[in-house]
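My entries follow in the order in which I looked things up.

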Amino acid sequence: MPQGAAPHLIAAAIGQKLGRPVPLHEIGLADADPAPEVGLAFPRDVGQAVRSATELYRLDLAGRRTGGGIWQSLAGSFAVSAYATPASRWLITPADSSVAREVSPAEGSGAPLKVGHSDVQKLREAAEDARRWDSKYGGGDWRSSMVPECLRVEAAPLLLGSYSDEVGRALFGASAELTRLAGWMAFDTGQQEAAQRYYIQALRLARAAADVPLGGYVLASMSLQATYRGFGDEGVDLAQAALERNRGLATARTMSFFRLVEARAHARAGDAVAAGAALKAAESWLERARPGDSDPTWLGFYSYDRFAADAAECYRDLKAPRQVRRFTEQALSKPTEEFVRSHGLRLVVSAVAELESGNLDAACEQGVRAVEVAGRISSARTTEYVKDLLHRLEPYGDEPRVVELRERARPLLVTPA
């Protein structure tokens, strides 16, 4: 009985020939392991790490060809405890001693693929494009969905090729960026199980790249997912892991973002004192940042506007509407077409703050604006924010303004993100 990704790859191959999805039970593999371990391993050996990542890339392809059946079979299997081993291994050894790889002709079907810096640059450009698509159109947009395909078609053959230690470090770093993006987009579309697996593999690839700030960024992404799923304490641990290894290494802006993520987790855990201290530290780090700093390209989204937006969400979780309004006004002071999803989320947070302050008219006004923005992107996370706002408005259900808002939101709520 084949195990792991094999049953799903077999079903995908048969389904491709038949031109329709083929469930596992139709080919006698219903009892096969539904690949629960794929993507969750954090191997110590670099070669095994490459195999772990590329197996995940193939599994995701099979999932999309069979209508997402793999991720559906794993739905609800997100376990924050799965982050414990990756985080601890990364803290103990944040870089591999060597990642050089030589492939003999006998290992492949032809001449070994020799990887160069130009190959790596293509992956970095793909990551840069994907970041823009994600911010502007949401993780569920067709442009964003090209990231897993890029990992399978472009990154995987390179990872399995031959490269020097120098080129290999760069290759692992670019692959880690793309893999983290695939996780972030899965997170944004509500596929928590896929997101978790991509994050773990991204962290392992960042370790092979010897890129400690990037590893910290992956841990921060894990923290945000854990926090969003209601695991505030674990979110704190993951954010602090990112901070601990980056002391003296990361730029001021990067450290500010890590402290901001820590604040989000403290707030979700209900610790107002710790959240306030983390926010103060995040703001202090941000004030130290200078235009000439060597900030990583993946941090281009982070500015004072983003700090203010997340601070507002912290105070929303801590039920401090006055603070929410103060920071939300700053966050919304510069609406932009570049970060459309963030703008929509900020509008919802602003609406909640207005509602908790007793301003129903203002809450509905902001809610209408948020629904308009949410309708332009494909983001399950944004839709969930809108649903939360409508839930909070239920006591005012007969109010004409609330009825109007609910009607405007109806197409958004019945359309899959």
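Which residues line the largest cavity? I worked on a predicted model, where local features need pLDDT of at least 70, side-chain atom pairs count only at pLDDT 80 or more, and totals for chains, interfaces and linings use all residues. Residues are numbered from 1 along each chain as its sequence is written, and side-chain values use heavy atoms, with hydrogens and water left out.

**Entry 1: cavity.** I found the largest cavity lined by Ala309, Ala312, Glu313, Thr328, Ala331, Leu345, Arg346 and Val349. On a 1 Å grid over the protein atoms alone, a cavity is a set of points where a 1.4 Å probe fits but cannot get out, a pocket is an open set with protein on both sides within 12 Å along at least five of seven lines, and lining residues have an atom within 4 Å of a point. The volume of the largest cavity is about 40 Å³ (the space filled by probe spheres set on grid points joined across faces, edges and corners). I noted one cavity of 30 Å³ or more in the structure. Helix 13, helix 14 (321-331) and helix 15 each give at least two lining residues (helices are DSSP runs of H or I, at least four residues, numbered from the N terminus).

**Entry 2: helices 13 and 15.** I then looked up how helix 13 (residues 304-317) packs on helix 15 (residues 340-356): the angle is about 40° and the axes lie 10 Å apart. Axes are lines fitted to C-alpha atoms over the stretch in contact, and angles run from 0 to 180 degrees between N-to-C directions. The two helices are therefore oblique to each other (angles under 35 degrees are roughly parallel, over 145 roughly antiparallel, 65 to 115 roughly perpendicular, the rest oblique). In contact (heavy atoms within 4.5 Å), Asp305, Arg306, Ala309, Ala312, Glu313 and Arg316 of helix 13 meet Arg346, Val349 and Val352 of helix 15.

Entry 3: I recorded about 780 Å³ of space in the largest pocket. Among its 39 lining residues, Ser135, Phe301, Arg306, Phe339 and Ser342 are the closest to its centre. Helix 9 supplies the largest share of this lining, six residues.

**Entry 4: helices 5 and 6.** Helix 5 and helix 6 (residues 146-159) pack at about 165°, with axes 11 Å apart. That makes helix 5 roughly antiparallel to helix 6. I listed Asp119, Leu123, Ala126 and Ala130 of helix 5 as meeting Val147, Cys150, Glu154, Ala155 and Leu158 of helix 6.
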